[in-house]
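This briefing is meant to be read with the sequence and the 3D view open side by side.

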Amino acid sequence: MRAVALIDGEHYAPVVRDALRALPYEWVGAIMVGGTEKLRGSTSGGDAEYGVPLVDGFGDAEIVVDLSDEPVLGPAARLQWASRALAAGLPYVGADFRFDPPAFEPFELPSIAVIGTGKRVGKTAVTVHLARLLARELDVVVVAMGRGGPPEPELVTTPPTVEELVERSRAGRHAASDHLEIAALAGVPTIGCRRAGGGLAGAVFSSNVADGARLAAELRPDVVLFDGSGAAIPPVATDRRVLVVGRDQDADSYLNTYRRLISDVVIEGAELRLAPTAPLEGRVAVFTAGSTDVAHLDADVVHVSNRLGNRELLQRDLVDADTYLVELKAAAIDVVAEHALAHGIRVVLAANELVGDFDDRLLALAPQAAKP
């Protein structure tokens, strides 16, 4: 196997040279990553000192082998190198670790994935926004994967109503899955899938996304959007990717650098604004999964709860009101909507509008010209 080594000047050249000879690789070169303590002269010695040429990149290597160590490459620096290797489609190995690039299934249609650096970063809001933008000119289908997705890919062709979501919940099904939120808010056909587990680079242990992708392809849309789940990446080889970075997260921490390197557009710290899908009437209680600003709402807001993710505490927030404005997440249906219907309270679903000038960059990802 062709390999490129990462070496440093904290090791004597003869030690490195002997290690390279002992390892079972065909060396295409070595990258000097730093350190000077044990260098006797120029770092351009290459073949003469190390037995392999010094190079600047991975070239045609099939694997990256890290022969460096502290203090030149600490954990953070190594994860940067791991990110670069994975983004190039190469495994990255060291004395006691190995990172392999996530595997992506081939996909035949124009496609865009929206991925994130974690949960609650605004990824689904970006997917909804992008779907709406592209749907002005193109036929769009969304494939969404989640930790509560259906056992078989589920196609939702029309926006579900609150009453339909409640019926789903009463039947024992997850009624606030991402694909239902996207279908309700974007108004495009959406396919729900599931996944379990998530690796440091975004790979999943198991999912039915490949089956969902095949179902999407059968519909022959102009473009398919794949909505990620938390920091997990849809295991499909899409043409383009959008990375959404949370407000309190770093686009280059840990293996987020990998996510950034494989993405065409990076949206950092996006501002989201709660947007009712229908007029708000009377006294309004707002229910979200995270902190939100309601000052812009044209409504008499009497209560705000950000506890959709905590059913026990959420029960305390079910106040008397005329209208419940609810994000379609977590316990929105089985707790909040159920209570509202039982007490004659109107339910309005809430979208999260993407605030900022992102449309040109997002439209540039379209497979053909799409007008803003």
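Leaving aside neighbours within four places in sequence, Ser83 is in contact, meaning heavy atoms within 4.5 Å, with Tyr254, Leu255, Thr257, Tyr258 and Leu261. The model is predicted, so that local features need pLDDT of at least 70 and side-chain atom pairs count only at pLDDT 80 or more, while totals for chains, interfaces and linings use all residues. Residues are numbered from 1 along each chain as its sequence is written, and side-chain values use heavy atoms, with hydrogens and water left out.

**Ser83 and its setting**
- Ser83 is found in helix α3, which covers residues 75–87; helices (H or I, at least four residues) and strands (E, at least two) are DSSP runs numbered from the N terminus.
- With a relative accessible area of 0%, Ser83 is buried, where buried means under 20% relative accessible area, exposed over 50% and partly exposed in between, for a 1.4 Å probe and protein chains only.

**The protein as a whole**
- The protein has 11 helices and 18 strands, and its C-alpha trace spans about 85 × 45 × 40 Å along its principal axes.
- Of the 372 residues in the protein, 51% are buried.
- Among contacts with a separation of 6 or more, 71% are accounted for by residues 24 or more positions apart.

**Helices α4 and α6**
- Two packed helices are described by the angle between their axes and the distance between the axes.
- Helix α4 (residues 123–135) and helix α6 (residues 178–186) pack at an angle of about 40°, with their axes 10 Å apart; axes are lines fitted to C-alpha atoms, for helices over the stretch in contact, and angles run from 0 to 180 degrees between N-to-C directions.
- The two helices α4 and α6 are therefore oblique to each other, a term for angles that are not under 35 degrees (roughly parallel), over 145 (roughly antiparallel) or 65 to 115 (roughly perpendicular).
- On the α4 side, Lys123, Thr124, Thr127, Val128, Ala131 and Arg132 meet Asp178, Glu181, Ile182, Leu185 and Ala186 in α6.

**Asp293 in its loop**
- Asp293 lies in the loop between β15 (283–287) and β16 (300–305), and at 51% relative accessibility Asp293 counts as exposed.
- A polar atom of the side chain of Asp293 lies 3.0 Å from the backbone nitrogen of Ala295.
- Asp293 and Ile267 are 26 residues apart along the chain, and their C-alpha atoms are separated by 20 Å.

How values were computed
A polar contact is a pair of N or O atoms within 3.5 Å; within protein, one must be able to donate a hydrogen and the other to accept it, and residues adjacent in sequence count only if both atoms are side-chain atoms.
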